[in-house]
Amino acid sequence: MWKFLKDSGYLFMCALLVIVLAIAILWALSIGTVNLPLQQIFAAVVNQLQSDTPIDALGKGPIHDIIWLLRLPRLILAALVGCGLSVCGVIMQAIVKNPLADPYILGISAGASLGATAAILLGIGLSFGENFVGIAAFIGAFVISLGVLFISNLGGRSNSIKLLLAGMALSSVCSAFSSFIIYFANNKEGMQTVAYWMMGSFAGARWDNLAVTAPIVILAVLFFWSQSRMLNLMLLGDESALTLGTDLHLYRQLYLLISSLIVGFVVYSAGMVGFVGLIVPHVIRMLVGTDHKKLVPVSALTGAVFLVIADGLCRIIIPHTELPIGILISLIGAPCFVYLMIKRTYGFGGN
């Protein structure tokens, strides 16, 4: 009976988060430089769903264009980014056995930054087309994740400590190369572009990009949800897992590569968005416990809700100006990180 009540509470939380996500998307669709009433939003959505013409067809009116070409793609992207980063945070915290780890802890962000900096200031990857900066950042993030795996396996099999040290080393190298490129580029406009990209934004969301990003994020999240038993074993450590007949070595490397794939596509689509993968999993862990069967889906939905609301706030905090999402998230995330660090170190506030 108690198990049924606990499972019911978890399912109720997931259902509630889905409802909150839908409400948050409706709210974010209605606000901005042009405020739209809910009746017009519903009418535009229903008309497009019943129409046989493409979303970007001409002559459908300004309200249709605002909803379907500007706001809805970016809100879906925000939900995907929040979902992906939150789940990656859960996975990274299990891999390195540290609840204060985040998706960027193994040098992935530094690799993405190096790729974007090289693309913007050196023109590397121009052959990829107009999305060359995001693609270069994705390649940088994924290559660094492979490098972390390679270095951590030198001199013996990798473990959580070696992964962390390898990530820190490669992160420093990538940061040094990025600084080297910026120092010698002497390109003020390019430097401003790099700085803006580092702040993150959903303004460039388009349906064709979402068609690639959405399946990757959703399938990866479902995969990690199916791996809850292995993720729970990772919290026990390699020795305990071996006594139970499971070798975590290959699983750890597989999870790192899939997490890097998610982060790479997030960076490709939205630039750098920090702290989501740190704060959301930690808070949800305090609510639902450490069982990854519950932790993964609840973190995914909470991250989606969090970034949809944050994106809406970015468009209304400063009138007629969009605040980069990275600035707002950092203003929220940094104090939360300090609080969590102090709480973990000194035991303030209980568990």
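The structure is a predicted model, in which local features need pLDDT of at least 70 and side-chain atom pairs count only at pLDDT 80 or more, while totals for chains, interfaces and linings use all residues. Residues are numbered from 1 along each chain as its sequence is written, and side-chain values use heavy atoms, with hydrogens and water left out.

The protein contains 14 helices and 0 strands, where helices (H or I, at least four residues) and strands (E, at least two) are DSSP runs numbered from the N terminus. The radius of gyration is 21 Å, close to the 20 Å given by the globule rule for 351 residues, so the protein is as compact as a globular protein of that length. This radius is taken over C-alpha atoms, and the globule rule is 2.2 Å times the number of residues to the power 0.38. Along the principal axes, the C-alpha atoms fill a box of roughly 65 × 65 × 40 Å.

Of the 351 residues, 49% are buried. Buried denotes under 20% relative accessible area and exposed over 50%, with partly exposed in between (1.4 Å probe, protein chains only). Among contacts (heavy atoms within 4.5 Å) with a separation of 6 or more, 74% join residues 24 or more positions apart. The protein exposes about 16,900 Å², of which carbon and sulfur atoms supply 71%; accessible areas come from the Shrake-Rupley method with a 1.4 Å probe, and for residues only the protein chains shown count as cover.

Helix H6 spans residues 160-185 and has 26 residues. The distance from its first C-alpha to its last is 37 Å, close to the 38 Å expected at 1.5 Å a residue; the expected span is 1.5 Å times one less than the number of residues. The buried residues of H6 include Leu163, Gly167, Leu170, Cys174 and Ile181. Their cover includes helices H3 (62-95), H4 (108-122), H5 (132-152) and H11 (249-270). Asparagine 186 follows H6 and has a positive phi, near 55 degrees.

Phenylalanine 180 also lies in H6, but counts as exposed because its relative accessibility is 52%. Serine 228 belongs to helix H9 (residues 228-236) and, at 13% relative accessibility, counts as buried. Apart from neighbours within four places in sequence, serine 228 is in contact with His292 and Lys293.
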